[in-house]
Amino acid sequence: MGAAGIGAGLGVLGSGKPIVAEFPELLPFAGITIRLDPLGAWFTLTAGLIVVAASLYGIGYADHALRTRAIQAIFPLFCLSLLLVPAASSVSTFLVFWELMALTSLLLVATEHRERASARSAAVWYGVMTHLGFVAILVALALLAGQVGGESFAAMRAGAAHVPAGWRSVVFLLALVGFGSKAGIVPLHVWLPRAHPEAPSHVSALMSGVMVTLGVYGIMRVGLDILGGGPRWWGFVVLALGAASALFGILHALVASDLKVLLAYSTTENMGLVLIGVGGAMLLGAEHATPLVGVLLAASLLLVLNHALFKGLLFLGAGSVLRATGTRNLDELGGLVRRLPVTGALFGVGALAIVALPPLNGFVSEWMLFQGLVAGGGSHVASAAVTMPLAVGVVALTAGLAAATFVKAFGTGFLALPRSRGAAEARESPGTMLAAMGLLGLGCAALGVAPSLLSTQLDRAVRATGTGVLHRPVRVEGGALHLGDVRGVMSPTFIALLLVGSVVAVLVVMRLTIAARDRRRAENWGCGRALQTSRMEYTASSFAEPLQRVFDDVLRPDLDIDVTHADESRWYERTIRLHAGVRDGIEDHVYQPVLRAYRAWGERARAVQNGSVHRYLAYAFVALVVGLLVAR
Amino acid sequence: MYSQLLGLAGGVALVAAVLALWRRSLLAIVRILAVQGLAIAAVALLLGVHHHEVAELIVAAGVLVLKVGVIPMVLSRVVRDAPNQRDTQPSINTATALVAAAVLTVIAFGATRRLVDLAPSPESELIPVGFAIVLVAFFGLVARRNALTQLVGFLLLENGIALVALVATARVSLVVELGAALDLLLAVLVLQVLTSRMRSKFGALDLDRLTELSD
Amino acid sequence: MLLTLVLLPILPALATAAFGWRPSVAWLAVADAACLLAGGIWLAVGVVDGDTAYFGGHVLRADALSAFMVLVIATVALLASWSAVGYIRTEIADGHTTAGAARLFGLLVPAFIASMVLAILAANLGIMWVAIEATTIATTFLVGHHRNRPSLEASWKYVIIGSVGIVLAFLGTVLLSYATQHTGPGAHSTLDWDAMRGVARHLDPAVIRVAAVLLLLGYGTKIGLAPMHTWLPDAHSQAPAPVSALMSGVLLSVAFYALLRIKVIVDLALGPTFLRNLLVVAALLSLVVAASLLIAQRDYKRLLAYSSIEHMGLMALAAAIGTPLAIAALLLHILAHALGKTVAFLCSGEILLAEGTTRIAGVHGLLARRPLVGGSFGLALLALLGFPPFGLFASELAIARAGFSANMGWVTAAAFSLLLVVVAAVLVHARSMLLGEADTPSVSPTSARGAGVPLVAGLVALAVIGITIWPIERLIGAAAHVVAQ
Amino acid sequence: MNPGRIGAVVIQIVFVVGAAPLLAGLIRQVRARLEGRVGPPIVQPWRDLRKLWRKERIAPEHTSWVFLTAPLVLVASSVVIAMIVPLVTVALPLDEVGDLFAVVSLLLLGTVFLALAGLDPGTAFGGMGASREMTVAALAEPTLLLAVTALAARAGSTNLAAIVNAALDRPSVVLSAQGVFALVALGIVTLAECARLPVDNPSTHLELTMIHEAMVLEYAGPDLALVELAASMRLLLFGALLANLFAPWGIATGTGVVEMLAGTVVLGMKLVLLGAFLGVFEVFVAKLRLFRVPELLAVSFVVALVAVTASAFLGGGR
């Protein structure tokens, strides 16, 4: 199925001709209409890649999770809906696939409900937030369809120009809310760090790698393609949301000690980066700076694909760790690179890729994003000149923090000494799981070394966004990456070659000049201590502590110290318990009051139905009197 | 003469509805119900005589049997078995209730003026009266706490509707009329069965005890 | 033919009267419902092209809309009576039901179904009213089936509020007839629907306005539209599960059918705006009430009842929109809601038999302990919340589209926002009931063999109509054409 | 690709590798003199490296391949930078291979590997050093990128040759307000990235204050030599970049032998000046408390941001 997705995606991107299909008898009153254009194909391709890997992974992973047949039947449905969402070309078709995706993923999130209460509550959070998004999207699309008098995307595209500007903005904002909630954009992200960790890992990979990006797809499809862009402030809004998400996501990822929560927050961060690109493109698009629009969109799209690859890889790796050790808590892991050599190495590749280091794929997309933003700041568009540098600052800060985050994740999770028995006795995963991870790792490397593999496809996808980008925003000439009319040039291929060459050169020099060939294993320097145990290691929490301190205005960590004094004297403490944690401030300050109001409302409403038949009759009586007065 | 008599019968019916709001004794209320039934039967009779309609005469006879005979009899038997023959304190005090009845009557007349205007005739003049009975009886339903008075309230309300039905539609098919009457009879019997069950389960007919089901 | 359809359901009642309640008689009811379904299909084939079938002059009549409703009734009756076989047997075995109560059950359920079919097939609005009132009477004792205090309380409220409401509908019907009497020289009063539609444009607007209000209030009571919905949670939660399924699944819709027939007349007389505004108010009020009371709900059968109110609100919205698409969606919604609610209530019956409580807090880890019932219940809830691939998704989507196309965007948006609250509330409750580890071992007997068949069949049917409705697409189209021309 | 241009690359690599330890030695010498000591000779770092190179190779217990590859990657990334950054001449054949962003990322690649290597042995010091190093890097990285942006906005390209050429063509753009801002920001970041005072003290071994040294505590022998060499290469590269970006005069514009020799000499002189300045500077500042370091970096971040906005507003070189 995934292969079909890849095939369809590549086919459309290769030829530029959409795949069209119609099934009018399906889906009552609407019919299913499919039209996979290059933009959708890019996302289908992304989905297909991860679906292949996740399915392969699932073969080996299924004995750990997905025990019941019903759940196993849902997984392919989820994959199918992921592949079909980008292909939908009418409001109804889109929404049915969208909700199918939501439902199947919801059920998959709840898979492990018997084991953990957190999985149960995650399912509810996810269900409600996804439905919030659905309602927003439904209203947005149905509103637009109602305004233009047709529900096919083609009709909406044609009619959108004649819709009054106010309505266009309403549609756009609602779509932004709806798709933003799926993409995990702050402040609608709360479900993401709950749901993604609770799902079985290959499902997490699909959710984090593919499903969230479909939120971006929606924003692109509606904002750019169907509405054809809008006023400048649309771009500002998207850019601001993206920036907030990027920073918020990476800060929380930085302090998270649950490996999968860390990855989930990092997803919010990456979607933020993608939206910075999209927002920048919209901003410039409003000013008719089309060459740069293409560059920024290309960066965003490439980041989408890259993110799918490395985040998929990381989640699969996390699943492998979870399966081997039974814990996701980084503070209890460690030393896994020796127990799980393949998983460890591949997780390392994913971590380096997500930190955007050469020669891996994350670097290419981030470079493109920087180039687009820098060039946008240098363009003669005044509004862009102010915002773009700020966006560069945000992206830059995010990049730095991401480096710290993933050094933490890999360093404390896989290096050093095991901190728990589970970690010490971990066993490597079966071959199918490793092959799946290997596939994605290969993808990360391939796209990092040779982005030319997909440059024409990327080009087609960007031009399908309907932003009037006509010339090629991305070209590869002589191995070097050229972007639109940006003068910055870079060749990932050569960087990779030079790096490998240099490493080999250094190795050769060492081999020729060093007498001692073998290494001697020696005890670590213990600063005079005889004992070196894992208790002395830096844990994930301690690793992140300095940065947490730097950002404590934003993160507002909780710190509780419980001291129990000895009976004899209060100067001797018997136990000291330290509880430190970082809570999601947006959840505490935005969602909790809403939840409280919601519950209070529910309690208050009970008075309406208090059981008194008199009261009930009184309702009807009042209705009758009012009705009669109205009827006059 | 015809129209005066019609008016008189309608007036009696309306006054009966208002009186039912005022009285507390269950037996008295059942009697008021019978009186109202009589007034309705009189209206049917007058209509039948005036229009020379056999159907109306049959209806009049039916109303007489049902609303003056059977139902009050069944009810008064229930009342006699009741341990406490007086209704408990209504949830709205009587003075307020009577004022409300006046207001409701005004509303009913106001709301149905256009109905009369459609075909002004002695018969259609009674439509507002019927509506007023409906509203006042409905109000009684809301105000009363005893299951039996609620039952009577329902019947009063139904009488109001029957009055409207009589005067508004000259030839509503007899089948419908009979079906409706049969349904109502059944409903009353059902309610009566429920009342006796209620007495055995709850020991009283106080509806305020029926609040186990809420939310 | 039409008469057969009305009389057919009575058959099991006669059998029960003769032999008392026993499984073979109960199976007869199942077979009977299947026959009714077959008859409904036969009828549907006959009228799908817009023809109308009559019986006895203008006593009974059937067009596509009626045929569709017969199908809905028959489908739910089939599922409910199937499930009733095991349900009553278990109740008798557990001592919750006496032989007498079972006999009454066997008598009244067929009578109830028959009166619903009569209401659908009646050509005369008066007879339709009589039939609907008859359903109240037939179901009162079914609500009181358990003969304990709560069920008695529920039946009292049901019959009082329901009867008051329905007599208001009678008053409205009378006024309609009054209006037909005065449409011009030579006009005579009638309640025949065809005849009324013929003269509808000449009806006096003032009278029709009052009549419309009364009819909406009256049938609205039976439909369960706020603020006349108050009896519904009590009655639906106290009735035995198969009866709850019938009441929630079809009785409400049959009342809605009556409202649709009325709507045709009223809209012809007044234009669409008047009734539309009233319906919008009722729809939003119902949704608000349902959503608010679902939040802190403690009883899962009442939860289903409020969900019915919510869906009736949505249907009222669809009726208010009134375009052909909206009406078609409304009809599909009726069918889908009937299936979904039937499955949900039948599951709730199984859960009640197994757990002995209807409190949400009293049920835990259902999926782990009873995968079939728990899973069906969960899927039915998801279906009722409007997730694909179930039919309610398709109908709600179409309602939304119709709403925005008909310039009722604000109302539609508000309605769907309220649905969000419903989703949140139901998901929270579903979590606490369904998910989690099986902490307490199940003590009560497992449900009867074959109990799962109607559940699964209902869910499959529900999913199928969500994916495609080509067998009944023309029927729905023709039925929608009856209402929205 | 003609031999002259390949030669340019070779010259740059040789220059960086060869001169880097000397630059470190120079700074130490200057400091020692100012503190009234004789100090080790300037070639002392080379001697140290040679000594380490001959020693036994030791791998601490529990370490993995990460520990072993980190020095290689560190050196290799510095070598790659040496190949693509215009140090001696602007006319490098590999200019299109990487721009400033690539350079920054390559630097980060080295940092990340070193931090991972610090965590690998599982000692308290390694973890502490890695944690602090990443804290500093995470905060320095944005400044670096912003400064790059400021420079790029000026030249209209992020490619180094273009920036240097722009400065050569119009010296005014360097000697502007935004140029000064960018210089200050980059200067501070250089100190942080190269583990110099006041962020880190390269000559301390006091546990509580060290950053870089804590990370590399477990290295010995040739591996340590590589780490030390790479550290000094990074310092030199930063210095050379600072020099050539803000005072490019004297850099060769072609690949003629004489031209390049002159360029090399000029670059050497610039570096000597810079090293001397750094030495003097380090004498007069004390090490900051660790938790004050972020404040310093925040200052540099703001300065860089000002530089960027200024260049955008003032129009820069465009």
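Modeller: A compact globule of 215 residues would have a radius of gyration near 17 Å, and chain B comes out at 17 Å, which agrees. This is a predicted model, where local features need pLDDT of at least 70 and side-chain atom pairs pLDDT 80 or more, while totals for chains, interfaces and linings use all residues. Residues count from 1 along each chain as its sequence is written, and chains are lettered from A, ligands numbered from 1, in the order in which they are written.

Colleague: What makes a radius of gyration near 17 Å the value for a compact globule?

Modeller: The rule is 2.2 Å times the number of residues to the power 0.38, with the radius taken over C-alpha atoms. For the 215 residues of chain B that gives a value near 17 Å, so the chain's 17 Å agrees with it. Along the principal axes, the C-alpha atoms of chain B fill a box of roughly 50 × 35 × 35 Å.

Colleague: What share of chain B is called buried?

Modeller: 49% of its 215 residues. A residue gets that label if 20 or more other C-beta atoms, placed from the backbone, lie within 10 Å of its own; with 12 or fewer it is exposed, and in between partly exposed.

Colleague: Which pattern does chain B follow along the sequence?

Modeller: It reads α-α-α-α-α-α-α, with seven helices and zero strands.

Colleague: How do you know which residues of chain B are in contact with chain C?

Modeller: Two residues are in contact if their C-beta atoms, placed from the backbone, lie within 7 Å. By that test 39 residues of chain B are in contact with 42 of chain C. H7(B) gives the most to that side of chain B, with 14 residues.

Colleague: And how many residues of chain A are in contact with chain D?

Modeller: 69, facing 72 residues of chain D. On the chain A side, H16(A) gives the most, 15 residues.

Colleague: Why are E6(A) and strand E1 of chain D said to pair?

Modeller: Two strands pair if DSSP finds at least two bridges between them. E6(A) and E1 (residues 57–60) of chain D have four, in the parallel sense, so they meet the criterion of at least two. Arg521(A) stands opposite Ala59(D) in E1(D).

Terms used
Helix = DSSP H or I, 4+ residues; strand = E, 2+ residues; numbered from the N terminus.
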